[in-house]
Amino acid sequence: MAREPVVPPRPPCRLYLITPPAIDDLSAFAGRLESALSAGDVAALQIRLKPAEDADVLAAVEVLAPVARAHGVAILLNDRPDLARRAGCDGVHIGQSDGSLAEARRILGPDAMIGVTCHDSRDLAMDAAEAGADYVAFGAFFPTDTKPTTHRPDPEILTIWQETVEVPCVAIGGITPDNAAGLARAGADFVAVSAAVWGHPDGPAAAVRAFNQVLAENA
């Protein structure tokens, strides 16, 4: 009798950090970032400053990238593959209005990590996956003040995606330690968070510890 193939367990959902949209004091924020990354597992840091001059974005990468890389955390830039290449980032995250994935790949090369916002659309996500995206992002799953949102997907989209496509998926939008468990169980490979870490009443380290505990318990 032939043995059934052994399907390896899905890796635990991991934390994907996004900076606040504005950073007044880079040096002070670098210290907060160090505290956060020292507190537990973080897969990636997306530098998302809006609005910001190119020089300010490049300065942020220069200060924050060494902190992240010391902890093995990938550095992604929001929206701008041209700046990501200039700054030596590991990749870029692009929205539906930020230019094509093909152009981002042309600029950054075959080894860069490129993620694509897909809102609540499996069709957009499938198009991105077929075009070579390294991950797709669905959201916002919950209300958020970090950025304006109009799409509110059901967590089932993560389950369907996980069952049918190998490209990793990221859940984003209003995620906290109190509501992350359901998204992890539904199939998110990563949960992307910003305010829930940087605005945590006990500081970013406490937030990262709380997220890591919830994600580990719901692997």
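Is Y135 buried or exposed, and what is its relative accessible area? In this predicted model, Y135 is buried, with a relative accessible area of 4%, where buried denotes under 20% relative accessible area, exposed over 50%, and partly exposed the range in between (1.4 Å probe, protein chains only). The model is a prediction in which local features need pLDDT of at least 70 and side-chain atom pairs count only at pLDDT 80 or more, whereas totals for chains, interfaces and linings use all residues. Residues are numbered from 1 along each chain as its sequence is written, and side-chain values use heavy atoms, with hydrogens and water left out.

A search of the whole structure for aromatic pairs returned 3, a pair being defined by ring centres of Phe, Tyr or Trp (its six-membered ring) within 6.5 Å, with planes under 30 degrees apart counted as stacked, over 60 as edge-to-face and the rest as tilted. In one of these pairs, the rings of Y16 and Y135 have centres 5.8 Å apart and planes at 80°, so the arrangement is edge-to-face. Because Y16 belongs to strand β1 (residues 14-18) and Y135 to strand β6 (residues 135-139), the pair ties together parts that are 119 residues apart in sequence; helices (H or I, at least four residues) and strands (E, at least two) are DSSP runs, numbered from the N terminus. Y16 is likewise buried, at a relative accessible area of 3%. The rings of F29 and W198, with centres 4.7 Å apart and planes at 55°, form a tilted pair. This pair links distant parts of the chain, with F29 in helix α1 (residues 26-38) and W198 in helix α8 (residues 195-198), 169 residues apart. F29 is buried at 4% relative accessibility, and W198 is buried at 9%.

The largest nonpolar core comprises 69 residues, and those with the most contacts inside it are L17, I47, F138, L158, W161 and V191; such a core is a set of buried Ala, Val, Leu, Ile, Met, Phe, Trp, Tyr and Cys residues joined through side-chain atoms within 4.5 Å. Helix α2 (residues 54-70) gives the most to this core, contributing 7 residues. Apart from this core lies another, of 9 residues, including I18, L76, A137 and A192. When neighbours within four places in sequence are left aside, V191 is in contact (heavy atoms within 4.5 Å) with C13, R14, L15, Y16, A171, I175, L183 and L215.

Helix α5 (residues 122-130) and helix α6 (residues 156-164) pack at an angle of about 35°, with their axes 11 Å apart, the axes being lines fitted to C-alpha atoms over the stretch in contact and the angles running from 0 to 180 degrees between N-to-C directions. In this packing, R122, A125, M126 and A129 of α5 meet I157, I160 and W161 of α6. The residues of this contact divide into 6 nonpolar, no polar and 1 charged, with Ala, Val, Leu, Ile, Met, Phe, Trp, Tyr, Cys and Pro counted as nonpolar, Asp, Glu, Lys and Arg as charged, and the others, Gly among them, as polar.

V167 is placed in the loop between α6 and β7 (169-172) and is buried, with a relative accessible area of 17%. Residues up to four places away in sequence not being counted, V167 touches A129, A133, D134, Y135, V136 and W161. A102, in helix α4 (residues 101-108), is exposed, with a relative accessible area of 56%.
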